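This report describes a predicted model. The structure is shown first, and the description follows.

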Amino acid sequence: MAQLIAFNYFYRDSVIHSLDVRIKFVTMILFSAAIGRITSPNQFIGVSLILLAAMVLSRLPFAELFRQMRYFGLLILGIIVIHSFSVSGTKIAPIPGLTVEGFVLGLFFSWRLFLVIIICVIFTGTTALKQLRKGIEWFLHPIPFLPASRIATMINLVFVLIPMLFDQASEILDAQKARCIEVNRNPIRRIKYLTVPLLLQTFKRADELIMAMESRCYTEERTRPVFNIKMKDWIFLSLSVSIMAVVFF
Amino acid sequence: MIILQAEKLTHKFPDGTVAIKDIDLAISEGEFIVIAGSNGSGKTVFARHLNGLLKPTSGKILFFGEALAKNIINARKQIGLIFQNSDSQIVGQTVAEDVAFGPENLKTSASQVAKIVAEALEAVDLSQYAKQNPQLLSGGQKRKLAVAGVLAMKPKVIVFDEPFTGLDYPGVRQVLKQLVELHKSGHTIVLITHELEKTLAHADRLVVMDKGRIVLDGLPEEQIYKVAQYGIRLPEIGERGVGAMTWLS
C-alpha cells in the first residue's frame, strides 16, 4: 500500500497544480481534440514538445510513473504490429504481409495514444479529487435534469477506487508469486487466480467505503464549490487556445 | 448524565446469524469505556449501531434519551466512528480534502470548512501533511487522519473500532496518546479492542462481549481477572495492577 500510482494525484508545488480546474479541463479537451486531428510528423513533434514542457512544469516523478505504466508499452507495440500487417501498401521485403504504410500508420496511432495517456497522467497527477469534483459539478450544473452532484461523486469515487484496485492487484500478485504462481503456465488459470480474489476484495472495500461515507453524513447537497481564477489561469488558457488554433487552422 | 444507551439491542443477519442479542448498555458523558471481546463476539456490529450505520432487528439506541434513528444525521455528526481499516475510510486525495468531507456534507460554508480542517489537522498534529496524498501516510498517521475526519464534525462521542490493528509500537503510542488527549478534552470515548494491556489504565469501565452478549461490565480492576474465560488474553498484572496497563508509560 501507499505507493505512488499512475493516474493518481501527487502533490507538488507547481504551476500546473495551482491552475484552476476548469482551465485544466478545457485545456485537456482542447489538447485531446488537437491530438485527434494532427497528421504530419512536425505537428506530432510540436504537440509532444508542448506536453514535455507541461510534464517538466508539473514536477511529477515521471521516471517512476513511466516505470509503473510500462505495460502500456505492450499495448502500443501490439497496435504497431497489427497495423503493420493489416494495412495494404508497399511491402517490406523479408517479412511477408508487413507494409511501410501500415507501420507508419501504427506508429502515428500509437504516438497519439501515448500523448493522450500523458495528458491524462498530467491532469490526474496535478488535480486533487476535490478540485476535479468541483470542476465537474461546475460544468454539469447548468444542464437541467442532470444530477451534477451525483455524477461528480461517482467520478470522484472511480478515481478513489482505481488506485485501490491497482494496489490490491499488486498485493495479490505478490502473494501469489511468493507461492510460485510463475510455475503455472496456464494464463486462464492465472487470470482466474487474480480476478476472483480481486473482485471479492474490491466489493468488500467498496462496501467499507460506503459505510465510512455514510458515517460521515454523506449527502448530495454539499458545500457549493468556490473558485478563485487568477491571471496565470487566463494566460495558460490563452496559450492553449492559441496553440490549438495553429493546429486546427 | 447518560449520553448513549442501548436498550435490548439485537441484530440478526439475513442468514439468521445473531450478531448481538439483548444488549443493554448505558454510557455516561465523558466516560472512557473499553469494550473487549474475542473475534466474532459482536463488537464491530455493536459499534456500527452506535453510529446508526446498521438498523437493529429489535431494540434501540438512545442518544441523550432520544431514539438515535429519529435524527440520524445529527447522531452521525455527534457520534464519530473510527473504522478498523483506515484505508477504506479515506475518501479524499489529499489529507485536507479528506478531513473536509464531513463538514462539506453538513453544508458548512467553504471558509468555515477551511477553518475546521485546519483546526482538526492541528489537533492530531498532521497540519504539515495537509496537501499530501493520504495513501502515502504511515499506518499511525492514517488513523490520526481518520480521527481528524471525525473531529471535524465536532462530535461528543468517538467510537474507535480496533484502532491498533496492524500498527507498530510507535503507531500504537501515537493513536493511544491521541485517544487519551481526546478524553481529556471532554470527549466520551468508546474503545473497542481486545488488547487490554495497551489501554486499560486509561479506562473508567470495562465491558466484555461474548457470543453477541455483554458478559462482564464494571470497573477494570474488578473485571480484569475474569476476561480469560471469554477468549481475551489476561495481561500480566504487576504490583501497579490495572494502572500499569498502558503503552504510554
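In chain B, the mean positions of the 28 positive and 27 negative charges lie 4 Å apart. Lys and Arg count as positive and Asp and Glu as negative, with His and the chain ends not counted; each charge is placed at NZ of Lys, CZ of Arg, CG of Asp or CD of Glu.

**Conventions**

In this predicted model, local features need pLDDT of at least 70 and side-chain atom pairs count only at pLDDT 80 or more, whereas totals for chains, interfaces and linings use all residues. Residues are numbered from 1 along each chain as its sequence is written, chains are lettered from A and ligands numbered from 1 in the order in which they are written, and side-chain values use heavy atoms, without hydrogens and water.

**Overall fold**

Chain B contains eight helices and 10 strands, taken as DSSP runs (helices H or I, at least four residues; strands E, at least two) and numbered from the N terminus. The radius of gyration of chain B is 18 Å, close to the 18 Å that the globule rule gives for 249 residues, so chain B is as compact as a globular protein of that length. That radius is taken over C-alpha atoms, and the rule is 2.2 Å times the number of residues to the power 0.38.

Of the 249 residues of chain B, 56% are buried (under 20% relative accessible area, 1.4 Å probe, protein chains only).

**Helix α1**

Helix α1 of chain B covers residues 43–50; seven of its eight residues are buried, so the helix is largely enclosed by the rest of the structure. Among the buried residues are B:K43, B:F46 and B:R48. B:G52, with a positive phi near 75°, follows α1(B).

How values were computed. Buried means under 20% relative accessible area, exposed over 50%, partly exposed in between (1.4 Å probe, protein chains only).
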